[in-house]
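These are my notebook entries on one protein model.

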Amino acid sequence: MSELRERYASVSAGIPDGVELIAVSKTRPNEAIQEVYDLGHRAFGENRPQELRDKAPALPNDIEWHFIGRLQSNKVKYVVPHATLIHSIDSVRLLDEVNKRASSLNKVQDVLIQVHIAQEEAKTGFSPEELDECIQYSLKEHKHIRIRGLMGMATFTEHEQQIESEFSGLKKRFDGLVEGFQGANCPLDILSMGMSGDASIAMAQGSTMVRIGTAIFGKRF
Ligand SMILES: *Cc1c(COP(=O)(O)O)cnc(C)c1O
């Protein structure tokens with residue numbers, strides 16, 4: 001068995017029912033993606049708009065592409081035609097743009113709202129307090145957006161308790177939104193949290209979707 005197959009098998013063995021594994025394939029060649037696809041995997045994550053635009057047409061068309069990286073309004077056109085789910089909505093302006101592009105493609109775009117839970121300034125997202133207003137606005141204005149849930153990235157730290165409390169805070173916020181807003185245009189059925197280094201903590205705190213790159217494909221250079 002190739003190293004890639006072994007790592008994929010061991011990662012997927014650790015994913016319980018009710019949690020979906022997104023294989024984060026950013027920077028990886030199409031051959032590596034195809035190899036994981038041939039094992040039966042369909043959900044892959046990319047973080048650069050042009051990379052997604054170039055990879056998607058070259059790979060099987062039943063791949064579900066997840067866009068997980070920072071997205072500027074002028075790059076939305078590269079992403080919406082391919083994305084099953086956009087995890088990284090970090091502004092109302094971006095949501096306006098995604099709605100516009102989805103409308104022109106006659107598509108309803110599934111999205112997650114990214115929430116800033118880490119202590120690092122460099123990480124992006126809405127503050128937990130802004131979420132109600134954003135969702136209310138989108139439900140009223142955006143006929144081509146479906147809000148599937150939230151995404152968050154914890155602080156990059158060795159302190160597991162800090163990671164755990166950031167994820168559990170996001171889960172509480174998510175549960176509150178489910179109570180207030182869940183409905184047909186707003187299913188709120190996905191909580192995307194956890195990467196190679198912190199997926200087990202995230203799953204213990206209620207994650208329903210983990211985004212794992214390094215543990216499957218090896219170190220990125
Ligand atoms: C790169 C990336 C991941 C995967 O990170 P690994 O540490 O390689 O598992 C997950 N989420 C986002 C948003 C990323 O950019």
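Which residues of the largest nonpolar core touch the most other members? I noted Phe-44, Ile-86, Ile-89, Val-98, Ile-113, Leu-150 and Ile-216, in a core of 58 residues. Helix α7 (residues 160-181) gives the most to this core, namely six residues. I took a nonpolar core as a set of buried Ala, Val, Leu, Ile, Met, Phe, Trp, Tyr and Cys residues joined through side-chain atoms within 4.5 Å. Buried means under 20% relative accessible area, with a 1.4 Å probe and protein chains only. Helices (H or I, at least four residues) and strands (E, at least two) are DSSP runs, numbered from the N terminus.

I recorded that the model is predicted: local features need pLDDT of at least 70, side-chain atom pairs count only at pLDDT 80 or more, and totals for chains, interfaces and linings use all residues. Residues are numbered from 1 along each chain as its sequence is written, and side-chain values use heavy atoms, with hydrogens and water left out.

I then looked up strand β2 (residues 43-46). Ala-43 and Gly-45 point one way, Phe-44 and Glu-46 point the other way, and all are buried. Strand β1 (residues 20-24) pairs with β2 in the parallel sense over two bridges; strands pair if DSSP finds at least two bridges between them. Val-24 stands opposite Gly-45.

Leaving aside neighbours within four places in sequence, I found Phe-44 in contact (heavy atoms within 4.5 Å) with residues including Ile-22, Trp-65 and Phe-217.

Notes: Buried < 20%, exposed > 50% of the residue type's maximum accessible area, 1.4 Å probe, protein only.
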